[in-house]
Amino acid sequence: MDSEEFDRALQEWTSAILHHVEEEENDLLPALRQALTPARLQELGLAFAQRRSQALAGRHATAGGEDGERGGQRAGTTETRKELYDKARDLDIEGRSTMKKDELAEEVHRAEAGGDD
């Protein structure tokens with residue numbers, strides 16, 4: 001964190017985030033206000049707030065999940081992403097740092113079962 005490389009990377013990341021926020025505030029949100037009814041905007045806002053809250057709590061944010069299984073979780077999987085990541089690390093699962101929670105759950109399950117399903 002004390003290196004120039006870190007400072008440079010942090011500045012690039014900060015600039016990218018600020019650009020993204022500026023685009024949303026100046027382009028996307030005004031367009032939505034014009035295109036949608038107030039009731040639909042409120043509905044979308046509530047859905048966003050709920051999903052954001054779930055994501056910040058460490059849960060998969062989509063109701064149906066990407067694979068259609070209980071919020072993106074494997075049936076019976078109640079571990080957090082961090083717990084799954086720690087198991088994946090202990091099992092030496094490659095690529096674990098870029099995996100989503102459901103992918104980690106699948107790979108951990110596969111490794112604990114002794115290989116491919």
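Me: At roughly what angle do the axes of helix α3 and helix α4 cross?
Reply: This is a predicted model, in which local features need pLDDT of at least 70, side-chain atom pairs count only at pLDDT 80 or more, and totals for chains, interfaces and linings use all residues. Residues are numbered from 1 along each chain as its sequence is written, and side-chain values use heavy atoms, with hydrogens and water left out. Helices are DSSP runs of H or I with at least four residues, numbered from the N terminus. The axes, lines fitted to C-alpha atoms over the stretch in contact, with angles from 0 to 180 degrees between N-to-C directions, come within 9 Å for α3 (residues 81-90) and α4 (residues 101-112), and cross at roughly 40 degrees.

Me: What does that angle make α3 relative to α4?
Reply: Angles under 35 degrees count as roughly parallel, over 145 as roughly antiparallel, 65 to 115 as roughly perpendicular and the rest as oblique. The axes cross at roughly 40 degrees, so α3 is oblique to α4.

Me: Is aspartate 92 buried or exposed?
Reply: Aspartate 92 sits in the loop between α3 and α4, and has a positive phi of about 55 degrees without being a glycine. Buried means under 20% relative accessible area, exposed over 50%, and partly exposed in between (1.4 Å probe, protein chains only). With a relative accessible area of 58%, aspartate 92 is exposed.

Me: Where does tryptophan 13 lie, and what is its relative accessible area?
Reply: Tryptophan 13 belongs to helix α1, which spans residues 4-35. Tryptophan 13 is exposed, its relative accessible area being 55%.

Definitions and conventions: Helices (H or I, at least four residues) and strands (E, at least two) are DSSP runs, numbered from the N terminus.
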